[in-house]
Amino acid sequence: MSPPQRRRRTPRAAPRQEKPAPPPDGGNGQVPTRDPERLYVVTGQTGDGDRAELDLVTLIVTCADAPPSAQPEQSALLRLCRAPMSVAEVSAYLHLPFSVVTVLLTELLTAELVQARAPVVRAELPDRSLLEAVMHGLQKL
Amino acid sequence: MDFKSSETVPGPRTEDHLPHTTTAAVKIVIVGGFGVGKTTMVGSVSEIRPLTTEETMTQAGIGVDDDYGSETKTATTVAMDFGRISITDQLVLYLFGTPGQERFWFLWNGLFEGALGAVVLVDTRRLEVSFDVIGRLEERGVPFVVAVNDFPDGPRYPMDDLREALDLSEEIPMVKCDARRRASSRDVLMTLMRFLHSIAMASA
Ligand SMILES: Nc1nc2c(ncn2[C@@H]2O[C@H](COP(=O)(O)OP(=O)(O)OP(=O)(O)O)[C@@H](O)[C@H]2O)c(=O)[nH]1
Ligand SMILES: [Mg+2]
């Protein structure tokens, strides 16, 4: 018996750009969250274009105490990030969608309450020493 | 989620905190069709209990306007689980077990763009569920290796037959694995890293 055969897609002229995440759409009753109204308050009116460039693995570190005016979500986030934490982890612990977390973080970055440590991205020529460090780390597992 | 008392948000256990010296993070994505073992692989190598990030997608219904002019929308919550491996005091590696359906990948902006590479898991009982994801990675130019998950009741094809069935070029590494075992999953990640290293050497 032979396995099923994959049919290769015809190569595209240019690789398709990944579409940006849809803007958080809370408040219109379209997003089934446990508390849609609350989500609306959290995301406010921040437009898509105003959001900071945040990757799932951008590391966030708190650098100031929460001001008395901080929203509860922001205070929770500031508490979580006393030790460095990826945006993905923030999303997981706060039970908030990634796109909502990026909006929260944009506000906190603007207010200089948190710092973002940008991820190491795959460059045209990957850094060999980085790859070797990862290999070394995996070997210890 | 109730944020009235933010004190109650449970964070990581103290031993799961990253050291303050951590300055850089890299990621690897684990892809494959429905039920091939992505979550299992993330869990077997992660140093923290795997976590989940969710994203919500709304889709306008097509041609279903009601009398009041409001469109019907369907909302889907898509979950992606991930784990973490500390590499050094400065560097941390994240592993993302992507949703099985590749049409959900765009929900997490930049999921693949910044990734070192990808692992494609295949299950020989249902090889075809991973066809689409392989096509997507090729389109995006994401380097990947293929891990053939060892299900006891799965048909055993010679690797060469699988390579041909998946239409993989010669240089793409293929490896057998048992995603439930940490050592085996680690070896898959090492295979990917060696492949990435060879690409880096060749282009240096
Ligand atoms: N024998 C065997 N079973 C495995 C292996 N990997 C996963 N499984 C089992 O296969 C089942 C599905 O694994 P999951 O890790 O949930 O698969 P998944 O790809 O995350 O599935 P979805 O997220 O639903 O697409 C589980 O019952 C696992 O225990 C493997 O390498 N060998
Ligand atoms: Mg899963």
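This is a predicted model: local features need pLDDT of at least 70, side-chain atom pairs count only at pLDDT 80 or more; totals for chains, interfaces and linings use all residues.
Figure 1. Helix α1 itself spans residues 38–45 of chain B, and its buried residues are Lys38(B), Met41(B), Val42(B), Ser44(B) and Val45(B). Viewed down the axis of α1(B), these buried residues fall within an arc of 170°, so they line one face of the helix. In general, an α-helix has 3.6 residues a turn, so residues three or four places apart point the same way.

**Figure 2. Arg84(B), a buried residue of strand β3 of chain B.** Arg84(B) forms part of strand β3 of chain B. Its relative accessibility is 4%, and Arg84(B) therefore counts as buried, the limit being under 20%. The side chain of Arg84(B) is joined to that of Glu89(A) by a polar contact of 2.8 Å. A polar atom of the Arg84(B) side chain also lies 2.7 Å from the backbone oxygen of Asp16(B). When neighbours within four places in sequence are left aside, the residues in contact with Arg84(B) include Glu89(A) from chain A, together with Asp16(B), His17(B) and Leu18(B). Among the other contacts of Arg84(B) are Ser46(B), Glu47(B) and Ile48(B), as well as Val92(B), Leu93(B) and Tyr94(B).

**Figure 3. Salt bridges and polar contacts between chain A and chain B.** Across the interface of the two chains, the rule finds 3 salt bridges. A salt bridge joins the side chains of Lys27(B) and Asp55(A), with an N to O distance of 2.8 Å. The interface of chain A and chain B also holds 20 residue pairs in polar contact, counting pairs in which both residues have pLDDT 80 or more.

**Figure 4. The side of chain A that touches chain B.** Two or more residues are contributed to this side by each of α2 (72–80), β2 (85–86), α3 (87–94), α4 (98–110) and α5 (128–139) of chain A. Helix α5(A) gives the most, with 10 residues. By residue class, the side of chain A that touches chain B divides into 38 nonpolar, 10 polar and 20 charged residues. The contact as a whole takes 68 residues from chain A and 86 residues from chain B. Between them, the two chains bury about 7000 Å², and 61% of this area is on carbon and sulfur atoms.

**Figure 5. The fold of chain B.** Chain B contains 4 helices and 7 strands. Along the sequence, these elements follow the pattern β-α-β-β-β-β-α-β-α-β-α. Of the 204 residues in chain B, 55% count as buried. Among contacts in chain B with a separation of 6 or more, 72% are between residues 24 or more positions apart.

**Figure 6. The fold of chain A.** The secondary structure of chain A consists of 5 helices and 3 strands. From the N terminus on, the order of the elements is α-β-α-β-α-α-β-α. Chain A has 141 residues, of which 45% count as buried. Residues 24 or more positions apart provide 68% of the contacts in chain A with a separation of 6 or more.

Key. Residues are numbered from 1 along each chain as its sequence is written. Chains are lettered from A and ligands numbered from 1 in the order in which they are written. Side-chain values use heavy atoms; hydrogens and water are left out. Contact means heavy atoms within 4.5 Å. Buried area is the accessible area (1.4 Å probe) that two parts lose on being put together, summed over both. A salt bridge is a side-chain nitrogen of Lys or Arg within 4 Å of a carboxyl oxygen of Asp or Glu. A polar contact is a pair of N or O atoms within 3.5 Å; within protein, one must be able to donate a hydrogen and the other to accept it, and residues adjacent in sequence count only if both atoms are side-chain atoms. Ala, Val, Leu, Ile, Met, Phe, Trp, Tyr, Cys and Pro count as nonpolar, Asp, Glu, Lys and Arg as charged, and the others, Gly among them, as polar. Buried means under 20% relative accessible area, exposed over 50%, partly exposed in between (1.4 Å probe, protein chains only). The arc is that of the directions from the helix axis to the C-beta atoms.
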